[in-house]
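Subject: Handover of a structure, with notes

Dear colleague,

I am passing a structure on to you, and my notes on it follow below. Please look at it first and then read on.

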Amino acid sequence: MIFDILTLFPSMFEGAFADSIIKKAVDNGFVSISTHNIRDYSDDVRHKTVDDYPYGGDAGMLLKPEPLARAITAARERLAGKTPLVVFMTPAGRLLNQGIVKELAARDSLILLCGRYKGIDQRITDQYVDMELSIGDYVLSGGEIPAMAVVDAVTRLVPGVLGNMDSAETDSFHSGLLSHPQYTRPEVFEGVSVPEVLISGHHANIKEWQRQKSLEITKERRPDLL
Ligand code: ADE
């Protein structure tokens, strides 16, 4: 999986992918991640301007279409021979869920476009963007953190990235339910014991307890998932 990220703030991504599962996925060649500064595609050599006032007089600034068109075209050229999906991160997009993450993980490459300011010119959305994605009903300062969330969630599903020890199969949402509670040692902590069934060694009973707990928690917290 190749992630090609278009942003005004490439340095925001430096720490995000420098540790843990994503770093290992990159080091082992399962995914490749590159960031590209949209400002480098400005036609304004002196000031590298990439934004402008919206027609209609609304407050705030928009990303201009020409630098974005050039940045997306250059990303497509970098990914020649692949079939990248251009994904624009915006609170007005489809709400990201594990089903969409699975769809994205099935692609060979993703171009993630991060907006800033009040958004981007609609002609870019209409002519260059394949999918608009939101990570929740709240407004962030830009698409960078949402793009990091997409890279993380998708990378976990790339075959080979997670070993058995850290399998996606026990993640919340994998089975369509929230995950059951988990316990580790000590067996008694501050007077509270681990549920009896988990130390019974009875595999079928443990599985059934976990399934029941998943159902209970999902019913209570996220009945919309059932
Ligand atoms: N940009 C700003 N807020 C966002 C959100 N909630 N999801 C995706 N992109 C965004």
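Does Asp 224 count as buried or exposed, and at what relative accessibility? Asp 224 counts as exposed, at 54% relative accessibility, where buried stands for under 20% relative accessible area, exposed for over 50% and partly exposed for what lies in between, with a 1.4 Å probe and protein chains only.

Before the rest, a word on the origin of the values. This is a predicted model, in which local features need pLDDT of at least 70 and side-chain atom pairs count only at pLDDT 80 or more, while totals for chains, interfaces and linings use all residues. Residues are numbered from 1 along each chain as its sequence is written, and side-chain values use heavy atoms, with hydrogens and water left out.

The chain as a whole

The secondary structure of the chain comes to six helices and nine strands, taken as DSSP runs numbered from the N terminus, with helices being H or I of at least four residues and strands E of at least two. The C-alpha trace spans about 70 × 40 × 30 Å along its principal axes, and of the 226 residues in the chain, 40% are buried.

The ligand

The residues around the ligand are Met 89, Thr 90, Pro 91, Leu 133, Ser 134, Ile 135, Gly 136, Tyr 138, Val 139, Leu 140, Gly 142 and Pro 146, a residue being counted as near if one of its heavy atoms lies within 4 Å. By class this shell has eight nonpolar, four polar and no charged residues; here Ala, Val, Leu, Ile, Met, Phe, Trp, Tyr, Cys and Pro count as nonpolar, Asp, Glu, Lys and Arg as charged, and the others, Gly among them, as polar.

Of the 270 Å² of accessible area that the ligand has on its own, the protein covers 96%, with areas computed by the Shrake-Rupley method and a 1.4 Å probe, and with only the protein chains shown counting as cover for residues. The elements that give two or more residues to the shell are strand 5 (85–95) and strand 7 (131–134), and the largest share, three residues, comes from strand 5.

A nonpolar patch

Phe 9, Met 12, Tyr 138, Leu 140 and Ile 145 make a nonpolar surface patch of about 430 Å². Patches are made of residues with over 30% relative accessible area and no salt bridge, like charges being joined within 9 Å and nonpolar side chains (Val, Leu, Ile, Met, Phe, Trp, Tyr) within 5 Å. Tyr 138, found in the loop between strand 7 and helix 5, is partly exposed, with a relative accessible area of 44%.

Salt bridges

With a salt bridge taken as a side-chain nitrogen of Lys or Arg within 4 Å of a carboxyl oxygen of Asp or Glu, the count comes to 12. One of them joins the side chains of Asp 4 and Arg 78, at 2.8 Å from N to O; Asp 4 lies in strand 1 (residues 2–7) and Arg 78 in helix 2 (residues 65–78), so the pair ties together parts that are 74 residues apart in sequence. Asp 4 counts as buried at 2% relative accessibility, whereas Arg 78 counts as partly exposed at 35%. Asp 224, with which this email began, forms a salt bridge with Arg 222, the closest N and O atoms being 2.9 Å apart.

Backbone points to check

A cis peptide bond, with omega about 5°, joins Arg 185 and Pro 186. Lys 48, although not a glycine, has a positive phi of about 55°, and Lys 48 lies in the loop between strand 2 (32–37) and strand 3 (51–52).

With best regards
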